[in-house]
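This report describes selected features of one structure. Please consult the sequence and the model shown here.

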Amino acid sequence: MDPSIEQAKLPVMADVSSIPKGYLVTQIAAGTLQDREGAAMAALQGGRTDDSALSRDLVHHSVSAPAARVFRLLFMHPGPDAPTAAVAVMAGLSVSEAHGTLASLSRAHVVEPVPDSRERWRMPDLVRAQAQRLSDEHAAADGREQAMDRLLCYYQATTEAADGWLRGLPPIPVEQNFTDRDGALAWLDAERDSLIAAARMAFGAGRDQAAKSLPLLMSYYLNFRRLFAELLAVATVGLDAARRLGDRAAEGESLNNRGAALIGLKRYDEALAVYEDAAALFRELGDRRAEGETLNNRGAALIGLRRYDEALAVYEDAVALFRELRDPHEEGASLNNVGIILHALRQNDEARAACQKAVAIFRDTGDRHGLAMALGNLGNVSRSLGHAVEAAEIYQEAADIFRVTGDHSREIAALESVIAVRAVL
């Protein structure tokens, strides 16, 4: 090695304070430092041409100590990007403080705002490897384990609140402060990948309560969005966590969610076996309501297998059970299922009566999404009976509700039915 090269470059390693903040980080992130000084870098790093070891240290020296801690904690966030609110929770800062710190890290080119997104941040790929080493080295001083616990609590509380808005339940006050269903749905859409990753992170870190709860809280949303592969993955995490905890009730709920995902994926035989396990578990626990819900789910698997007579018997059992338990919501859902089966069996007059009862129950309970589903099935029966004008009106009402509730795939299907019926009038 040329001694003059070594002597010229050593001061850069020894004193980065004389270099403007962010400059070397910018050069490293742009991939130009090694290009311009490849020979010297190879000499300084024992003949290696990668500059990762050097760049890690330079990155860390270019920001303030509090900002460096946020940078290290940000690596722990499990998603592809992180919202300012989550970073604030991890770091124990206010949202405004977290925003200012992330903005300073962005100016140093070690984080970047996500394009076309409000208040979301990510690390460039080149920087992530650097952040992992620094995060591991400073884990205890940074309180990384406590930051993980805060993040998981934040995600559980906020997901529960968003889930409540989707289901039409009384609002739960949280820091995110949802004001309507659309806001809750938008938050779940934005955080979906992070929530799934958070459940996996929780299970891997032995935080089984969070690993159990997050999948249960996400299940309605994932089913609503018809994201069945994601539902299957996260339900499996929740099931494993529930079993590790010995939480039998949560195990049964997780089995039901796993079955719903399998039905969505048209894996009906597997779904049926899962539901039979869940029903046996709930019978053992004496939880009749949960057993009734599993009956409805089991019927859906039987429909997929075209075992209609068996499905009808299961749904009628569910109607009787929920009527006995005075649970109108589940009774309505079960009646709607009875109507679907009777229609498939071409018993249209009986199907119409069952669907009308379900529609009346959902109107009384205020379940708009359940009402739209029942209306869609009632429209199908009316159409089969030759009541085209009535069917078109019913489909239109269903489409209007689906639009309001954000279920756009079913809205489109209902509108297509309106068009098809009116075309033959």
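Which residues in helix 15 meet which residues in helix 16? Tyr268, Ala271, Leu272, Tyr275, Glu276, Ala278, Ala279, Phe282 and Arg283 in helix 15 meet Ala290, Glu291, Thr294, Asn297, Arg298, Ala301, Leu302 and Gly304 in helix 16, where contact means heavy atoms within 4.5 Å.

The model is predicted: local features need pLDDT of at least 70 and side-chain atom pairs pLDDT 80 or more, while totals for chains, interfaces and linings use all residues. Residues are numbered from 1 along each chain as its sequence is written, and side-chain values use heavy atoms, without hydrogens and water.

Helices (DSSP H or I, at least four residues) and strands (E, at least two) are numbered from the N terminus.

| Element | Residues |
|---|---|
| Strand 3 | 120-122 |
| Helix 13 | 228-245 |
| Helix 15 | 268-285 |
| Helix 16 | 288-304 |

The axes of helix 15 and helix 16 come within 9 Å and cross at roughly 165°. The two helices are therefore roughly antiparallel (angles over 145 degrees).

Helix 13 has 18 residues and reaches 25 Å from its first C-alpha to its last, close to the expected 26 Å (1.5 Å times one less than its number of residues). Its buried residues (under 20% relative accessible area) include Phe228, Leu231 and Leu232, and the buried residues of helix 13 pack against helix 11, helix 12 and helix 14. Just after helix 13, glycine 246 takes a positive phi of about 75°.

Arginine 120, in strand 3, is buried, with a relative accessible area of 8%. The side chain of arginine 120 makes a polar contact with that of glutamate 191 at 2.6 Å (a donor and an acceptor among N or O atoms within 3.5 Å; residues adjacent in sequence count only if both atoms are side-chain atoms).

Definitions and conventions:
Buried < 20%, exposed > 50% of the residue type's maximum accessible area, 1.4 Å probe, protein only. Axes fitted to C-alpha atoms, helices over the stretch in contact; angles between N-to-C directions. Parallel < 35°, antiparallel > 145°, perpendicular 65-115°, else oblique.
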